[in-house]
Amino acid sequence: MSATTAAPVAGRTDAPTGGPAPRRVRPPRWLDLRLVLGVLLVLASVLLGARVVTAADATVPVWSAAGDLAAGTVLAEDDLVAVQVRLDDVAGQYLATSTQPAGRVLGRAVRAGELLPRSVLEEATGRVQLALPVQAGYVPPGLARGQVVDVYAVADPAVGATGQTGGDVDLVVSAAPVQAVTGRGDGVLSTATTTVQVVVAVAAEDAAGVLGAIGGRGLVVVVRDSVDEDAAVDEGGTAGGTAGGAVGGAPAGVVPAGPTG
């Protein structure tokens, strides 16, 4: 016997193919739900990240003190430095750089780097600036604007007195803020007898008392340890209230500062 194999007949569709049945390929859908959800999640993440970064950088420009300043100091432009800080809900309590506080008076002492609160400012009323001539040897070499000083009148020609006027040492200005120091030379010709002008703020009603208490005597300036000590310019702490009695000898720790050059 012989085996015969039937050849496939062309055109027949009932012959076995030996593979999976073909499936119809659907065209891509651009509005697939999963694709839309993915895009929305990416956008939400970007927006949330941008909001977090913006909130972390929500700073405002405000004024801070460039150095230690005593109460009673009349502010100048050089006393302030603009800084960027994050204050959130309390931003309104501090002085923004859009305002110009020059000419206003500090109601209390502020430290270097401290933000300037609005509540610390007062109007410059009832005070005057009094220029006192002092020999350079009796002015501390580091004396600067914003410090708190006491000023003593000394009846000694070596200090600059024009004559013996009685009373060895009198306190003529107490706890006054220094507004300026001028006339101090830095050259080789500067000596201990060079006259330095120390400008202090005093209550207007005390100015005449200060000048009368000096009475031609020489002056010695003493710097207080801290600007936080109360300035008494508006509380009768100048010569009008204290210079009537002698201090009874040279003040402790007062020595000629020597030439400033």
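Q: What pattern does the protein follow when read along the sequence?
A: The order of elements is α-β-β-β-β-β-β-β-β-α-β-α. This amounts to three helices and nine strands, where helices (H or I, at least four residues) and strands (E, at least two) are DSSP runs numbered from the N terminus. The model is predicted: local features need pLDDT of at least 70, side-chain atom pairs count only at pLDDT 80 or more, and totals for chains, interfaces and linings use all residues. Residues are numbered from 1 along each chain as its sequence is written, and side-chain values use heavy atoms, with hydrogens and water left out.

Q: What share of the contacts between residues at least 6 apart in sequence joins residues at least 24 apart?
A: The share is 77%, a contact being heavy atoms within 4.5 Å.

Q: Why is Thr-73 called buried?
A: The relative accessible area of Thr-73 is 0%, so the residue counts as buried. Thr-73 lies in the loop between strand S1 (60–65) and strand S2 (80–85). Leaving aside residues up to four places away in sequence, Thr-73 touches Arg-104, Val-105, Leu-106, Arg-145, Gly-146, Pro-177 and Gln-179.

Q: What makes the pair of Thr-73 and Ala-70 a polar contact?
A: A polar atom of the Thr-73 side chain lies 2.7 Å from the backbone oxygen of Ala-70. The definition asks for a pair of N or O atoms within 3.5 Å, where within protein one must be able to donate a hydrogen and the other to accept it, and residues adjacent in sequence count only if both atoms are side-chain atoms. The distance of 2.7 Å therefore falls within the limit of 3.5 Å.

Q: What makes S5 and S9 the edges of their sheet?
A: The sheet is open, has five strands in the order S5-S8-S7-S6-S9, and pairs in the antiparallel sense. Strand S5 (127–135) and strand S9 (218–223) each have a single partner strand, so one side of each is left without a neighbour in the sheet. On average, neighbouring strands of this sheet are turned by 45° against each other, direction ignored.

Q: Why is S7 described as largely enclosed by the rest of the structure?
A: The description holds because 11 of the 14 residues of S7 are buried.

Q: Why is the pair of Asp-68 and Arg-111 called a salt bridge?
A: The N to O distance between their side chains is 3.0 Å. A salt bridge is a side-chain nitrogen of Lys or Arg within 4 Å of a carboxyl oxygen of Asp or Glu, so this pair qualifies. Asp-68 lies in the loop between S1 and S2, and Arg-111 in the loop between strand S3 (105–106) and strand S4 (121–122), so the pair ties together parts that are 43 residues apart in sequence. Asp-68 is partly exposed at 32% relative accessibility, as is Arg-111 at 33%.

Q: How many salt bridges does a search of the whole structure find?
A: The search finds seven. Among them, Glu-114 and Arg-108 have their closest N and O atoms 2.8 Å apart; Glu-114 is partly exposed at 24% relative accessibility and Arg-108 at 37%.

Q: Which parts does the salt bridge of Arg-224 and Asp-150 tie together?
A: The closest N and O atoms of Arg-224 and Asp-150 are 3.1 Å apart. Arg-224 lies in the loop between S9 and helix H3 (239–242) and Asp-150 in strand S6, so the pair ties together parts 74 residues apart in sequence. Arg-224 counts as partly exposed at 24% relative accessibility, whereas Asp-150 counts as buried at 10%.

Technical notes. Buried means under 20% relative accessible area, exposed over 50%, partly exposed in between (1.4 Å probe, protein chains only). Two strands pair if DSSP finds at least two bridges between them. Axes are lines fitted to C-alpha atoms, for helices over the stretch in contact, and angles run from 0 to 180 degrees between N-to-C directions.
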